[in-house]
Amino acid sequence: MTERLVIIGNGMAPGRMLEHLLEAAPDRYQVTIFNAEPRVNYDRIMLSPVLSGEKGYEEIIIHGDGWYIKHGIMLYKGHRIVAIDRAAKTVTSDHGVTEPYDKLVIATGSVPFIIPVPGNDMAGVLSYRDLDDVNSMLLAAQSRAKAVVIGGGLLGLEAAAGLQSRGMDVTVLHVMSTLMERQLDPAAGYLLQKAVEARGIKVITKANTKAIVGNGKVEGVELADGTIIAANLVVMAVGIRPNAAIARDAGIETNRGIVVDHGMSTSDPDVMALGECAEVGGQVYGLVAPLYEMARVAASHLAGEEGARFVHSDTPTKLKVTGIDLYSLGDFADGDDREEIVLRDAAAGIYKRLVLKDNRLIGTVLYGETGDGAWFNDLKKKQTDISEMRDTLIFGQAYQGGSPLDPMAAVAALADDAEICGCNGVCKGKITGTITSKGLTSLDDVRAHTKASASCGSCTGLVEQLMSLTLGDSYNPTAVQPMCKCTDFGHDDVRRLIKAKGLKTIPEVMQELQWKTSCGCAKCRPALNYYLVCDWPDEYADDYQSRFINERVHANIQKDGTYSVVPRMWGGVTNANELRAIADVVDKFEIPLVKVTGGQRIDMLGIRKEDLPAVWSDLGKAGFVSGHAYAKGLRTVKTCVGSDWCRFGTQDSTGLGIRIEKFMWGSWTPAKLKMAVSGCPRNCAEATCKDVGVICVDSGFEIHFAGAAGLDIKGTEVLGLVKSEDEALEVIIALTQMYREQGRYLERIYKWAKRVGVAEIKRQILDDADKRTAYYDRFVFSQKFAQVDPWSERVSGKDKHEFRPMASVGFAEAAE
Amino acid sequence: MSEMDWIAIGTLDDIPVRGARCVTTPQGKIGVFRTAEDQVFAIEDHCPHKGGPLSQGIVHGAAVTCPLHNWVFSLETGRAQGADEGSVRTIPLKVEEGRLFIALDVLASKAA
């Protein structure tokens with residue numbers, strides 16, 4: 001008989017609990033979840049990278065919709081539970097759904113603390129708890145205006161860094177005299193403040209907020225001393241409170257949070273609570289490690305094992321702001337019975353402090369260099385007597401036992417039960433054991449099987465070192481993926497060496513870079529050919545035999561060995577003569593299928609290879625050239641009708657599209673390049689999912705890039721707004737050339753952009769006029785050699801052999 | 001066993017280095033491949049996977065990669081390389097003073 005398990009809340013703690021429960025007792029419960037947020041379970045620790053743009057929402061999802069379906073879990077999204085009836089054993093949501101339970105788990109998390117000052121409910125005042133908050137902040141950040149973050153703790157600083165990287169002018173107000181005073185001592189807090197300020201964020205400490213001022217909408221923050229700081233956005237990140245209201249209303253014992261025993265049971269034996277809303281032994285928790293521990297304990301009890309008990313342990317704190325390393329653990333207050341060891345290196349910006357009591361480590365603050373955090377954590381946890389190594393303790397593990405400064409040796413020396421991943425409580429032995437027993441070879445595998453480095457990611461380096469130790473030479477975290485089996489070099493190295501050594505032919509590259517095969521393979525040869533075409537446009541002779549068949553015969557091979565042919569239709573515009581010519585070709589060569597493509601052109605499919613030159617000859621007479629529908633190069637420029645015809649059009653989008661296509665046709669790129677120009681933000685040409693797109697607006701041309709609508713779907717990034725068509729063309733050309741010079745073969749522009757960073761691309765293309773001009777000029781130069789119509793060349797006899805059989809044999813001669 | 005009938009199909013120069021040409025026969029096409037070292041091989045022009053025309057693939061070493069789904073075949077043995085399993089028929093071929101001949105037992109008997 002399955003029991004009914006109802007969970008209120010769908011955050012990380014209940015998500016983890018379900019994972020454990022499904023493993024231990026997969027069929028015991030029929031599970032129903034009510035989530036007040038209208039979405040699945042995602043990694044809240046990673047909201048800061050989403051805010052700063054380093055990650056997207058889809059990258060931080062823990063359980064996608066499929067997971068709930070697979071496990072037969074009913075998830076009510078956007079349902080807030082408004083009542084628990086403990087007598088009837090039911091819960092009821094704000095949408096009127098009532099669900100009976102045998103076991104109820106409350107995981108309502110926490111609510112942000114909103115400081116009680118006038119104006120705190122005004123539009124533009126946000127907290128920082130969930131994805132909705134992040135989305136609101138991102139919307140506000142588009143204005144590039146001023147933001148004030150109230151609270152200089154972990155969350156506040158992450159929010160400030162994120163908003164600043166989105167282009168806002170940010171001020172952090174902190175009520176205490178140093179930042180993160182609960183985790184850092186004043187010295188480290190000072191260094192942190194310096195680092196935060198160096199990024200352009202203003203910090204005001206001892207700042208007592210008196211009121212939020214504005215007229216229905218935030219205009220500023222007033223401090224107790226009367227100072228007013230202008231702001232269009234105020235983020236409150238001053239702390240959280242356990243969200244225990246629903247339990248309190250139901251008569252369950254609450255204090256600061258919902259009071260639970262060490263097995264996660266509340267005062268009602270059929271009701272459990274876990275996560276930030278739960279209070280165990282008088283403590284409430286906000287970091288993920290103890291919450292995951294609660295999840296483990298709760299799952300174990302639900303699965304019928306009564307023995308599991310939650311035990312308090314200190315959790316290290318790490319700040320997730322790129323470029324700032326800090327680590328804090330345990331108790332570091334001064335005291336008569338305590339000693340401290342301090343190391344300062346002002347030039348390197350390093351501060352380390354160890355707090356000792358009775359020759360045992362009880363607290364650690366590391367700033368600037370945090371690699372030894374795990375080792376100190378282990379010493380503290382095991383209460384190791386450190387008197388033997390006291391003199392060198394602060395220098396870290398590598399200095400103990402005379403071993404050299406080798407981080408690998410340090411990891412090797414860690415005990416099997418040393419904790420590696422603080423978020424998920426994974427120790428070294430579990431990682432190395434799983435690598436061996438499951439034959440894991442990649443970081444993603446290790447994350448999938450052990451959860452180590454799968455939450456905040458700050459232990460990734462350690463996990464990789466463990467992989468190196470366990471797998472030996474077969475794993476090298478710093479090794480780049482080689483291009484193919486013919487070489488150990490990755491694409492980037494090969495590209496760099498081609499330029500640096502002036503390598504100008506494929507045999508030269510293979511010789512100088514010590515290729516392991518005599519003439520490469522079907523992976524590296526086309527890549528090398530592209531790199532050489534791109535880098536030496538005037539000197540390199542295209543190696544025809546290193547091109548994929550489509551680029552060799554300038555048509556697209558089909559599954560039956562026939563080809564399809566797509567002539568260029570500039571900007572998607574055609575006329576009666578062209579259509580008549582196509583109709584005649586279709587009749588003459590009995591072409592079985594004619595189809596309109598997604599790129600606004602006409603595709604003729606099922607043409608015999610032998611007929612290709614004759615087809616091209618007829619098309620050429622009507623003025624058609626190759627549409628390069630087969631090329632890792634410029635494909636189409638899709639357009640809408642724009643201001644000439646459309647009542648909403650703001651610019652001549654068709655004209656600009658044609659201009660771009662005429663300028664860029666024939667160019668080879670790392671992967672195919674599809675473009676579009678829309679005449680207004682209604683975007684009928686769908687420019688916002690293209691490799692490069694333009695949205696015309698009244699004030700000019702918004703240049704977009706790095707969209708995708710294939711295996712991956714991704715909206716474009718906005719490169720910037722320019723005023724004239726000429727500028728638009730220059731920016732697009734420069735962007736394309738930068739991609740041509742840096743992209744790895746077959747790497748679409750959105751993947752390249754993700755690797756290089758949108759900010760860097762903006763810097764080189766928009767902000768640096770010299771760079772932009774140089775890119776533009778190199779593209780123009782290379783086009784001199786690229787804009788040759790391959791069809792007319794072949795009509796004139798080039799590569800004749802390609803289209804004819806060498807011989808026909810075995811046919812009965814009598815037939816002739 | 002009758003002696004092989006050698007049929008002239010052309011010269012070495014007809015085939016591009018690291019390339020291939022087709023020979024049509026009543027039983028389907030044959031791909032004739034020339035490697036970087038001027039070795040010449042003839043195999044059935046039909047990938048056992050999905051029928052791709054192997055003569056259209058990229059030639060590397062003494063192997064060719066099928067243009068449809070990237071299976072790699074040894075030109076010497078006709079066997080698929082790597083994780084894929086399958087093979088294509090190889091056809092006897094000889095080079096005499098730059099002239100190429102293939103032997104088609106089946107065809108010869110039918111044509112006779």
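Let's start with the open sheet in chain A: five strands in the order β5-β2-β1-β9-β21, with parallel pairing. Strands here are DSSP runs of E with at least two residues, helices are runs of H or I with at least four, and both are numbered from the N terminus. Two strands pair if DSSP finds at least two bridges between them.

Before I go on, this is a predicted model, where local features need pLDDT of at least 70 and side-chain atom pairs count only at pLDDT 80 or more, while totals for chains, interfaces and linings use all residues. Residues are numbered from 1 along each chain as its sequence is written, and chains are lettered from A and ligands numbered from 1 in the order in which they are written.

Now for a hairpin, still in chain A. Strands β33 (residues 593–596) and β34 (residues 602–607) of chain A run antiparallel and are joined by four bridges. Lys595(A) stands opposite Asp603(A). Five residues lie between the two strands, and Gln600(A) in the turn has a positive phi of about 65 degrees.

On to a helix pair. α21 (residues 725–742) and α24 (residues 769–786) of chain A pack at about 80 degrees, with axes 8 Å apart. The axes are lines fitted to C-alpha atoms over the stretch in contact, and angles run from 0 to 180 degrees between N-to-C directions. So α21(A) and α24(A) are roughly perpendicular, a label for angles of 65 to 115 degrees. Residues making this contact include Ile733(A) and Met738(A) of α21(A), and Tyr775(A) and Phe779(A) of α24(A). Contact means C-beta atoms, placed from the backbone, within 7 Å.

Finally, where do the chains meet? The contact takes 30 residues from chain B and 23 residues from chain A. On the chain B side, β2(B) gives the largest share, six residues. That side divides into 16 nonpolar, ten polar and four charged residues; Ala, Val, Leu, Ile, Met, Phe, Trp, Tyr, Cys and Pro count as nonpolar, Asp, Glu, Lys and Arg as charged, and the others, Gly among them, as polar. β2(B) also runs parallel to β42 (residues 807–808) of chain A, joined by two bridges, with Val23(B) the bridge partner of Ala807(A).

Key. Two residues are in contact if their C-beta atoms, placed from the backbone, lie within 7 Å. Angles under 35 degrees count as roughly parallel, over 145 as roughly antiparallel, 65 to 115 as roughly perpendicular and the rest as oblique.
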